[in-house]
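Got a model open and a few labels to pick apart? Let's take the calls in turn and see what backs each of them.

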Amino acid sequence: MSSKSSQDAAGSVTKTFLERTRGSGEWNTRAKESMPGGDTRAASYYTPYPAYMTHGEGCFLYDYDENQYIDFLNNYTSLIHGHAHPATVSAIQEQAARGTVLGSAAEVTVVHAEMLCSRVPSFDSVRYCNSGTEATLLAMRAARAFTGKDIIIKMDGGYHGSHDYVQLNMQPDTSEEGVPRPRLSSRGVPESTLEGMLVAPFNDLDALRDLLRAHGGGVAGIILEPALGAGGGVEPEPGYLQGIRQLADEFDVLLIFDEIMTFRQDVGGFQSTIGVTPDLTSIAKFIGGGLPLAAFGGRKEIMAPFDPTHPMTIPHNGTFNGNNITMAAGLATMKDFGAGQVARINELGQRLRKGLNAAFQSAGVGIRAVGTGSIIRIHWSRGKIRNARDAVAAQEKALDLPKLLHLEMMNRGIFSAPRCQYAVSTPMAEKEIDTAIDVMGQSLEVVKPYVQAHTPHLTPG
C-alpha cells in the first residue's frame with residue numbers, strides 16, 4: 001500500500017471530522033483565549049479538537065453541530081444510567097428545591113452510606129469526598145496513619161488521580177527493562193514525593209515480594225486498581241489478586257483497592273467478583289449520579305480516627321463533602337443499579353467484546369478487544385499483554401492508528417474515550433451494541449490503508 005494512500009486515508013478521516021464539527025471548531029478557538037489548550041480537563045482533549053457536546057438523553061449525546069452519537073464514553077464510566085436518568089433527575093430537582101447543600105449532617109448521607117456499606121465487602125465504615133483523587137489520597141493517608149509507616153507501593157502505569165503521591169510512573173517507560181524505576185510523571189511535583197513511594201509491575205507477584213522483602217519494614221500499604229484502567233485495560237491474571245492479599249498479610253501491610261473504575265463490575269465491586277477483600281477501598285464515578293462524589297472506606301479500626309472525637313483524630317474536611325444534592329442523586333442512581341442491571345450490562349459488554357474481535361478478524365487487523373464486564377478496551381497487539389508496559393509499548397507501535405480509529409468512529413456516530421475504551425450503560429440494548437460493532441467494521445475499512453503502510457505488523461504475515 002502506497003504512502004499516498006495512507007496519507008489520503010488519514011486526511012480523509014480528519015477532513016470529515018472538521019466538516020461535521022465546524023461549530024465545535026469555532027468554540028475551540030474561542031476557548032483557547034481563556035483556558036490553556038481550550039479546556040480544563042486533559043482527558044477530554046483529542047486532535048484536532050474535541051467536539052462540543054450540548055446535551056444528552058439516555059445513551060445518546062448531541063454536539064453543537066447537532067450530530068448524534070451513541071455514548072460509549074459515559075464520562076469515563078461515571079454515568080451508569082446514561083444521561084438524564086429520570087429517577088436521578090427527579091431526585092436532583094426535589095433536593096434542589098429544598099437546598100443544594102445545607103452545611104450540616106443530613107439523613108440522605110446516612111442512607112447513602114448504609115447502602116455502600118451493605119454492598120462493598122471491605123466497607124465497615126465510609127467517608128465522602130468530591131473526587132477520585134481525594135479518595136485515593138485519603139485512603140493512602142489512612143493507611144499511613146494506621147500503620148505508622150510512610151511508604152506506599154503502586155503499580156507501574158496505575159492511575160489514581162492527580163495528587164502528588166501518585167504522580168509517578170503513570171506512563172510506563174517502554175525503553176526500560178526489568179522492574180520499573182520510580183520516576184515522577186509530571187513537572188511541579190517535588191522529588192521528595194519519591195521517598196514515600198515504590199513501584200511494582202502489575203501481574204508480577206515475585207517483583208512485589210522482592211520489594212516487600214527489601215522495604216517491608218517501612219511499607220504502609222499497596223494501592224492498585226484490580227484491573228488497570230488508564231494503564232492499558234489489563235486484567236489480573238488468575239491468582240494475582242489473591243496473591244497480593246497473601247503478601248499484604250505476610251508483610252503486615254494494608255491492601256488498598258482503587259475501585260473507582262471497576263466498582264461497576266458487580267454490586268459490591270470487583271472485590272465481590274473475585275472474593276478478595278482489601279483493607280481499604282476508594283470508589284467514585286456513578287455513586288454520585290453524575291455529580292462529583294467519591295468515597296473511601298474500610299475496616300472500622302482503620303477508619304476510626306476520622307471521627308472528630310477520636311483522641312488521635314485525622315482532620316478531614318471539605319465544603320462539599322456529602323452535599324445534599326449529590327447524595328440524593330447518587331442514592332437514586334444506585335437504587336436503580338442492582339444485580340439484574342449489573343448482569344445485563346456485563347452481558348452487553350461481552351457481546352461488544354466478541355463482536356469487535358470478529359470485526360478485527362474479518363478486517364485482518366491484529367488488535368484485540370479485552371475486558372470481563374461492561375468496560376471494553378482495545379489492545380494494539382496480537383501478543384500477550386501482562387502489564388501497563390506491554391500495553392503502552394503496543395500502543396506506541398500502533399502509531400496514529402488509535403487516534404484515527406477513534407476519530408472515524410466519531411464520524412460515524414460512536415463516541416468513546418480517545419484511548420478506544422467503551423463503557424456500556426443501562427439504557428443501551430443489543431441494537432446499540434450491534435451498531436457499534438458494525439461501525440467498527442466500516443471504520444477499519446477506512447483506516448486499513450494506514451495500517452498496511454505504517455503498522456504492517458498488525459496485518460496478516
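Q: What makes F415 count as buried in this predicted model?
A: The cut-off for buried is under 20% relative accessible area. F415 comes in at 8%, so the buried label applies.

Q: F415 has an aromatic partner in Y69; why is that pair called tilted?
A: Two checks here. For Y69 and F415 the centres are 6.1 Å apart and the planes sit at 55 degrees, so tilted it is.

Q: What makes this a link between distant parts of the chain?
A: Y69 is in strand β3 (residues 68–71) and F415 is in strand β13 (residues 414–415), which puts the two 346 residues apart.

Q: And Y69, how do you know whether to call that residue buried or exposed?
A: Y69 has 1% relative accessibility, and under 20% is what buried takes, so Y69 is buried.

Q: How many aromatic pairs does the ring-centre rule give?
A: The count is 10 aromatic pairs.

Q: Why is the pair of F17 and Y49 called tilted?
A: The centres are 5.5 Å apart, which is within the 6.5 Å limit. The planes are at 50 degrees, between the 30 and 60 degree cut-offs, so this pair is tilted.

Q: What parts does the pair of F17 and Y49 tie together?
A: F17 belongs to helix α1 (residues 3–20), while Y49 is in the loop between α2 (22–31) and β1 (53–57), so the pair bridges parts 32 residues apart in sequence. Both F17 and Y49 are buried. They also belong to one aromatic cluster, together with Y46.

Q: What makes R144 a charge over the ring of Y165?
A: R144 lies over the face of Y165 at 4.2 Å from the ring centre, and the distance limit is 6 Å.

Q: Why is the contact between R389 and E176 called a salt bridge?
A: A side-chain nitrogen of Lys or Arg has to be within 4 Å of a carboxyl oxygen of Asp or Glu. For R389 and E176 the closest N and O atoms are 3.3 Å apart, which passes. R389 is in helix α13 (residues 388–397) and E176 in the loop between β5 and β6, 213 residues apart. A search of the whole structure turns up 11 salt bridges.

Q: How do you know that E176 is buried?
A: E176 has 15% relative accessibility, and the cut-off is under 20%, so E176 counts as buried. R389 is buried too. The side chain of E176 also has a polar atom 2.9 Å from the backbone nitrogen of R181.

Q: Why are D206 and R209 said to be about one helical turn apart?
A: Both sit in helix α7 (residues 205–215), three residues apart, so about one helical turn separates them.

Notes: Residues are numbered from 1 along each chain as its sequence is written. This is a predicted model: local features need pLDDT of at least 70, side-chain atom pairs count only at pLDDT 80 or more; totals for chains, interfaces and linings use all residues. Side-chain values use heavy atoms; hydrogens and water are left out. Rings of Phe, Tyr and Trp (its six-membered ring) pair if their centres lie within 6.5 Å; planes under 30 degrees apart count as stacked, over 60 as edge-to-face and the rest as tilted. Helices (H or I, at least four residues) and strands (E, at least two) are DSSP runs, numbered from the N terminus. Buried means under 20% relative accessible area, exposed over 50%, partly exposed in between (1.4 Å probe, protein chains only). A charge sits over a ring if NZ of Lys or CZ of Arg is within 6 Å of the ring centre and within 35 degrees of the ring normal. A polar contact is a pair of N or O atoms within 3.5 Å; within protein, one must be able to donate a hydrogen and the other to accept it, and residues adjacent in sequence count only if both atoms are side-chain atoms.
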